[in-house]
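Subject: Handover of a structure, with notes

Dear colleague,

I am passing the structure below on to you, and the notes that follow it go through what was found.

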Amino acid sequence: MAITKVTSEEQYKQLIGDSKVSVVLFSADWAEQCKQISDVMNELAKQTEYKTLQFLDVPAEDLSELSMRHQIDSVPTVLFLRAGKAVDRIDGVDVGTLTQKAKKYAGTPIPSSASGDGGATNLEERLKALISRSKVMIFMKGDRNTPRCGFSKQLIAIVNDTGVEYDTFDILTDEAVRQGLKTLSNWPTYPQVYVNGELIGGLDIIKELLEGGELKETLSP
């Protein structure tokens, strides 16, 4: 499954009348942050743990009456609807909250380190060890010398320009790490950048820090 583009109010009404909880992104093509949320929702839509949800993308300006009805005054805004009625919302970009709320409405238990599952505990310990392997750690598709997706390539180019030392991990080589880190960090897309063991974010966050002149300071442990 993937996110469904809504093209008319009639289609929207039919879709949200479904028994599934709807996760609805109100977006605009000119707003770059909407692309980040759309990418995250597409990633969630592919995962079986979210199969009880349906993900929709509504062009806020094209369907302005619909936007007004839901009191959408900025993009991106994400609504959670059950039987056509809004039960939750997220204004702006907040990937962690989006993932948590999606888990909640999908009925997926949020993993806890207190779980008695030894395998899960061992994976979590391994992930934390990987995150701490370098003061600046990047989890990506490919490695620093051969990035294997456009987002990873852009991020490496930006970080290289700062001159900061960092290490990388190729998530394509280890499915357990690839899936486990999404859950641990509540950040379902890659690349992911960590500094001193703390998640900073993905490509869009790195770009924002660069534009704000804060990137080198943030990456310098």
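This is a predicted model: local features need pLDDT of at least 70, side-chain atom pairs count only at pLDDT 80 or more; totals for chains, interfaces and linings use all residues.

Residues are numbered from 1 along each chain as its sequence is written, and side-chain values use heavy atoms, with hydrogens and water left out.

The sheet to which β2 and β4 belong is open, has 5 strands in the order β1-β3-β2-β4-β5, and shows mixed pairing. Its edge strands, each of which pairs on one side only, are β1 (4–5) and β5 (85–91). β4 and β5 run antiparallel and are joined by 6 bridges, with V78 standing opposite I90 of β5. These two strands form a hairpin with 2 residues between them, and A83 in the turn has a positive phi of about 55°.

Helix α1 (residues 9–16) lies across β1, β2, β3 (53–59) and β4, and runs at about 165° to β3, where axes are lines fitted to C-alpha atoms, for helices over the stretch in contact, and angles run from 0 to 180 degrees between N-to-C directions. Helix α2 lies across β2, β3 and β4, and its direction makes about 155° with β2.

**α2 against α4**

Helix α2 (residues 32–45) also packs on helix α4 (residues 95–106), at an angle of about 30° and with the axes 11 Å apart. That angle makes α2 roughly parallel to α4, a label used for angles under 35 degrees, with over 145 counted as roughly antiparallel, 65 to 115 as roughly perpendicular and the rest as oblique. The crossing of these two helices is right-handed, meaning that the near helix is turned clockwise from the far one by less than a right angle, with anticlockwise giving a left-handed crossing. On the α2 side Q36, I37, V40, M41 and L44 meet V95, L98, T99 and A102 of α4, contact being taken as heavy atoms within 4.5 Å. By class, this contact has 7 nonpolar, 2 polar and no charged residues (Ala, Val, Leu, Ile, Met, Phe, Trp, Tyr, Cys and Pro count as nonpolar, Asp, Glu, Lys and Arg as charged, and the others, Gly among them, as polar).

Strand β8 (residues 192–195) is joined to β9 by 3 bridges in the antiparallel sense, and V193 has G201 of β9 as its bridge partner.

Strands β6 (residues 136–140) and β7 (residues 167–170) pair in the parallel sense over 4 bridges.

The axes of α6 (residues 150–162) and α8 (residues 203–211) come within 10 Å and cross at roughly 30°. That makes α6 roughly parallel to α8, and α6 passes α8 in a left-handed crossing. The contact is made by F151, Q154, L155 and I158 of α6 with L203, I206, K207 and L210 of α8, and these residues divide into 6 nonpolar, 1 polar and 1 charged.

**Backbone points to check**

Most residues other than glycine have a negative phi, and most peptide bonds are trans. The bond joining V75 and P76 is cis, with omega about 0°, and P76 is in the loop between α3 (64–69) and β4. The peptide bond from Y190 to P191 is also cis, with omega near 5°, and P191 lies in the loop between α7 (175–185) and β8. Q71, which is not a glycine, has a positive phi of about 55° and lies in the loop between α3 and β4.

Conventions
Two strands pair if DSSP finds at least two bridges between them.
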